[in-house]
Amino acid sequence: MSNEMQYDTERVSRIFGKFYESDRPWIEMGAQMHDHAMLLEKVPVKKFYWDANAFLASLYEVAAYYKIDRPQPQADNYNFEVEALGGKMIYSDSAMPTIDHRDTLIKGPEDLHKIRTPHFYRDGRLLYNMDCVKFSVNFGNKAGWFCGPFSLAVGFVGYVPLLKNMRKRPQFTKDLFDLIIDKVLIPYIRTQKEYCGVTAAFGADAWSNIPHLSVAELEDWIVPVNQKLIAKGKEIGVAVSCGSGYYYEENPDNLNIDLLFKSFDIQIASRGGLPYLTIFPYMPDFPYKRVLEYAAKYRDNAIKPIVRVMLDARLLRNGPIEHIVNVIKRDITGLARDCELGFFLSNIPADTPPEHVHAAVAALHTYSHKPIAQNPDQVEFHLPHFQTFEDWKNDNK
Amino acid sequence: MSEILGDLKKAVLEGEDELAVRLSEEALKANISAMDVSRTIISGIGEAGELWKKNVYFQSDVVMSAEAFRAAMEVVEPHLSAGESGTAGKVIIGTVAGDMHNLGKIMVIAMLRAARFEVIDLGEDVPGAMFIDKVKDLNPDILGLGCYMTTTMLEVKDIIKDLGQKGLRGGIKVMVGGVPTTQEFADECGADAWGKDALDAVEKAKQLVKAVS
């Protein structure tokens, strides 16, 4: 049991916790940054991904260094459940554990008995994940984390076999999803509620997006499964949502507005009706106006839609800084005055230069400072004085 | 004859792997030349690629088509003479150590084979030393390195460096690909090309081989 855990709460609370003490006058920057934090803090893989204390202390330290408002205190949400149930994994000394898709746990209906309710305090690294969730509850984030049903099914069966089964063995696939919900996810969410104190839970589901799946596959399979999970979550008093239906398209010639709107429909249906729209504006002429147009129908009904902008991790890594700053300014200009906005650094690459992350955070905090300027070109932006991580730590002992 | 081949093309295009295998066997039994059967299978995956470009097909459709292509080609390849397959060049491909992701690789392999490349797939989680050994033993025209995590992409640099240290870099072209990679990353590593996606990878592979010959 994690009673033995010793967080360095004093340090993290002092350095990082101050961000949570008051409303920030800018749009918040969220970040998934586990690999980057591990490298920057020079924590060995076998410690970082097994020891919640080491993970959290490093992650929040790095978040404070960058002034990231909302770090995502999770390592990776695609492996824990499969690992806990005995799925074969690849453990390396340089990267986080990952599922071995060459030899999956479930190969056919005869293996379905392997999907059982894990012992959440003993099996695999589920407790590690729950300790991370529990710790973030201290900072007001009352959402638990799990692997979304489709991505979990991919973890159990493999992506290609799962696609084949959806087409050729629908009953087996349906049974698989039912077991995933009833035996694994609902008990896991219930345990997170009891152990961590969460009132909401989010299922990471990167496999169930466009173009990984077609709109028809998302509508016919993923949305009904997600909605079943959401309904069962409601029965146990947890607001469940799933991150399905995002639309990635980087080629402006291929960007399809119908697909974008379908993607929004699927995202909302997978979030229990909450108009929380995630976009990937990885192109110069992203159609912000069309996003606002879609969001308007919710605003008209007095529901405030939230748009979450994912920043391109490759841009963050490669730079140059001027480009990073301009992209953030462009996104704010396109959207921020007309809707609630959130920004997210989507999995900061391990070897990203720290100057790039500092610039991104500073750009967001400057250009989105409330009230947001009518003309962002009149806002003065200064790159923050750069300190290495080591120097910063010395100054903040 | 044309009916079987029409159905075969449709089976590959629609990702019906079992049907594509059966129709390939039937076509060979009906004395249709292996080359014609092979061309039909290739036209099926080629059309899937075109539909992908046009946003009609999604990745799931292309992957299923690639699977049907692979299964059908396994039936036909033993019947092709040496000069009829793999004439565009030889490619060794694999996902680097610590990384199990292979979705992009499945599509790249199918598209390369459709473009008449001989492809040797080393699989996933491939140690750097194995890439080096295979390059030494098999003397490919191109080495393709796939990485899909931001930690494992660092392996790519080491492998390319190792090739150089072992005197193997001059004889081959190196391509990199995978979600976190970019042209900038390929340049940093000293790779010869970056494949943005499967279709782009094939075009680059063709250019690299052409530049050498």
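This is a predicted model: local features need pLDDT of at least 70, side-chain atom pairs count only at pLDDT 80 or more; totals for chains, interfaces and linings use all residues.
Residues are numbered from 1 along each chain as its sequence is written, chains are lettered from A and ligands numbered from 1 in the order in which they are written, and side-chain values use heavy atoms, with hydrogens and water left out. Helices (H or I, at least four residues) and strands (E, at least two) are DSSP runs, numbered from the N terminus.

**Strand 3 of chain B and its neighbours**

- Strand 1 (residues 89-95) of chain B runs parallel to strand 3 of chain B, and 5 bridges join them; two strands count as paired if DSSP finds at least two bridges between them.
- Strand 3 of chain B is also joined by 5 bridges to strand 4 (residues 173-177) of chain B, again in parallel, and here B:Leu145 stands opposite B:Val176.
- Between strand 3 and strand 4 of chain B the chain passes through helix 7 (residues 153-165) of chain B, giving a right-handed β-α-β crossover. Right-handed means that, with the strands pointing away from the viewer, the path from the first strand over the helix to the second runs clockwise.
- Strand 3 (residues 142-146) of chain B has 5 of its 5 residues buried, so it is largely enclosed by the rest of the structure. Buried means under 20% relative accessible area, exposed over 50%, and partly exposed in between (1.4 Å probe, protein chains only).
- B:Ile142, B:Gly144 and B:Gly146 point one way from this strand, B:Leu143 and B:Leu145 point the other way, and all are buried.

**An open sheet in chain A**

- Chain A has an open sheet of 5 strands in the order 2-1-10-9-8, with parallel pairing.
- Its edge strands are strand 2 and strand 8 of chain A, each pairing on one side only.
- Strand 1 and strand 2 of chain A run parallel and are joined by 2 bridges, with A:Ala31 opposite A:Pro71 in strand 2 of chain A.

**Aromatic rings**

- Over all chains, a search of the whole structure finds 24 aromatic pairs. Rings of Phe, Tyr and Trp (its six-membered ring) pair if their centres lie within 6.5 Å; planes under 30 degrees apart count as stacked, over 60 as edge-to-face and the rest as tilted.
- One of these pairs is A:Trp145 with A:Phe202: the ring centres are 5.2 Å apart and the planes at 75 degrees, so the pair is edge-to-face.
- This pair links distant parts of the chain, 57 residues apart, with A:Trp145 in strand 5 (residues 143-147) and A:Phe202 in strand 6 (residues 200-204) of chain A.
- A:Trp145 is buried at a relative accessible area of 12%, and A:Phe202 is buried at 14%.
- In another pair, A:Tyr248 and A:Phe280 have ring centres 4.4 Å apart and planes at 45 degrees, so the pair is tilted.
- These two residues are 32 residues apart: A:Tyr248 is in the loop between strand 7 (239-242) and helix 11 (257-269) of chain A, and A:Phe280 is in the loop between strand 8 (276-279) and helix 12 (288-299) of chain A.
- A:Tyr248 is partly exposed, with a relative accessible area of 33%, whereas A:Phe280 is buried at 4% relative accessibility.
- One aromatic cluster is formed by A:Phe48, A:Tyr49, A:Phe55, A:Phe80 and A:Tyr128.

**Charges over rings**

- A:Lys134 lies over the face of A:Tyr195, at 4.3 Å from the ring centre; a charge sits over a ring if NZ of Lys or CZ of Arg is within 6 Å of the ring centre and within 35 degrees of the ring normal.
- A:Lys297 lies over the face of A:Tyr294, at 4.2 Å from the ring centre.

**A residue in helix 4**

- A:Ser58 lies in helix 4 (residues 52-66) of chain A, and A:Ser58 is buried at 5% relative accessibility.
- A:Ser58 and A:Val43 are 15 residues apart in sequence and 8.0 Å apart in space, C-alpha to C-alpha.
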